[in-house]
Amino acid sequence: MGGKTPHSALGDALTAEDVATYLRETPDFLQQHPDVVHHLIPPPENRGNGVADLQHFMLLKLRREVADLTAQQEELIATARANINNQSRVHAAALYLMDAQSFEHLIQTITTDLAVLLDLDLACLVMEQPEDSRLVLHAERSGLQLVETGAISQWIGKRDIILRGNIQGMAEIYGPAAPIVRSEALVRLQIAPDAPAGLLAFASRDADLFHPGQGTELLSFLARVVERCIRNWLTL
């Protein structure tokens with residue numbers, strides 16, 4: 001910090017005049033230490049004779065600016081921490097998927113472990129009715145949700161990812177748990193050129209957890225991992 005250090009003529013007892021002298025010699029003190037403003041009491045708005053004290057308003061304005069900056073910093077820090085936490089959760093989920101010991105184990109990991117790892121209420125894997133009997137058999141054994149051909153396109157159109165908040169969950173996706181669903185992320189799965197359309201669905205009872213405008217990079221990454229894991233087990 002520039003300027004001199006405040007001191008008293010006696011060396012020990014600091015007086016109001018010492019502080020005033022120091023502030024006169026260090027005009028940028030409040031710029032270097034804006035948090036001090038919160039502890040100061042501004043002078044009266046009117047010094048008499050109808051003369052308004054503009055310094056009072058300047059001080060109030062500075063206080064508001066400092067408070068706004070502090071709030072913005074706290075929000076940025078909270079967002080950064082949340083992003084790092086989400087990234088760690090998705091990376092852990094990817095490792096769980098790759099550790100699956102069978103196709104049935106993979107589906108169980110998706111529909112059970114992913115919800116826990118990602119701190120969600122539900123995670124579901126949906127696939128349109130396949131012609132390949134292997135997929136039908138695996139679906140019956142593992143609890144994979146099967147829907148009519150074209151259903152996924154009806155739900156998400158041509159988009160790869162759709163985020164929705166303040167909704168009512170669909171029974172076709174979430175089964176009997178649909179009534180608790182208040183927000184969701186639906187991610188298209190492109191398992192193989194000749195494979196039926198697939199969908200990865202994440203849901204929460206928090207109506208604001210998923211909403212349009214959120215970043216989708218981590219969801220897209222996780223969907224690509226799921227696609228590769230399914231292809232590896234079914235040799236598609």
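Leu 125 stands opposite Leu 200 in β5. The two residues belong to a predicted model, and both are listed among the residues with the most contacts inside the largest nonpolar core.

**Overall make-up**

- Read from the N terminus, the order of elements is α-α-α-α-β-α-β-α-β-α-β-β-α.
- The protein has 236 residues, and 35% of them are buried.
- Of the contacts between residues at least 6 apart in sequence, 55% link residues at least 24 apart.
- The exposed surface comes to about 14,500 Å², with 54% of it supplied by carbon and sulfur atoms.

**Strand β5**

- β5 is mostly covered, with seven of its seven residues buried.
- In a regular strand, side chains alternate between the two faces of the sheet.
- In β5, Gly 198, Leu 200, Phe 202 and Ser 204 point one way, while Leu 199, Ala 201 and Ala 203 point the other way.
- The residues on both sides of β5 are all buried.
- Leu 200 and Phe 202 are among the residues with the most contacts inside the largest nonpolar core, whereas Leu 199 is one of the residues of another core, which lies apart from it.

**Helices on the sheet**

**Nonpolar cores**

- Nonpolar side chains tend to be buried together in soluble globular proteins.
- The largest nonpolar core holds 35 residues, and those with the most contacts inside it are Leu 97, Leu 106, Ile 110, Leu 125, Leu 200, Phe 202 and Ile 230.
- Two or more residues of this core come from each of α3 (54–98), α4, β1 (122–128), β3 (161–165), β4 (183–189), β5 (198–204) and α8 (217–234).
- The most is given by α8, which supplies eight residues.
- Beyond its neighbours within four places in sequence, Leu 106 is in contact with Leu 97, Ala 100, Cys 229, Ile 230 and Trp 233.
- Another core, of 19 residues, lies apart from the largest one; among its members are Trp 155, Val 181, Leu 186 and Leu 199.

**Thr 109, a buried residue of α4**

- Thr 109 is part of helix α4 (residues 103–117).
- The relative accessibility of Thr 109 is 1%, and therefore Thr 109 counts as buried, the cut-off being under 20%.
- A polar atom of the Thr 109 side chain lies 2.8 Å from the backbone oxygen of His 105.
- Setting aside neighbours within four places in sequence, Thr 109 has contacts with Tyr 96, Leu 97 and Leu 114.

**Positive phi in two loop residues**

- Asp 119 is in the loop between α4 and β1. Phi of Asp 119 is positive, near 60°, in a residue other than glycine.
- Asp 119 has a relative accessibility of 55% and so counts as exposed, for which the cut-off is over 50%.
- Asn 166 is in the loop between β3 and α7 (171–174). Asn 166 is not a glycine, yet its phi is positive, at about 55°.
- With a relative accessible area of 56%, Asn 166 is exposed.

Technical notes:
Residues are numbered from 1 along each chain as its sequence is written. This is a predicted model: local features need pLDDT of at least 70, side-chain atom pairs count only at pLDDT 80 or more; totals for chains, interfaces and linings use all residues. Side-chain values use heavy atoms; hydrogens and water are left out. Helices (H or I, at least four residues) and strands (E, at least two) are DSSP runs, numbered from the N terminus. Buried means under 20% relative accessible area, exposed over 50%, partly exposed in between (1.4 Å probe, protein chains only). Contact means heavy atoms within 4.5 Å. Accessible areas come from the Shrake-Rupley method with a 1.4 Å probe; for residues, only the protein chains shown count as cover. A polar contact is a pair of N or O atoms within 3.5 Å; within protein, one must be able to donate a hydrogen and the other to accept it, and residues adjacent in sequence count only if both atoms are side-chain atoms. A nonpolar core is a set of buried Ala, Val, Leu, Ile, Met, Phe, Trp, Tyr and Cys residues joined through side-chain atoms within 4.5 Å. Two strands pair if DSSP finds at least two bridges between them.
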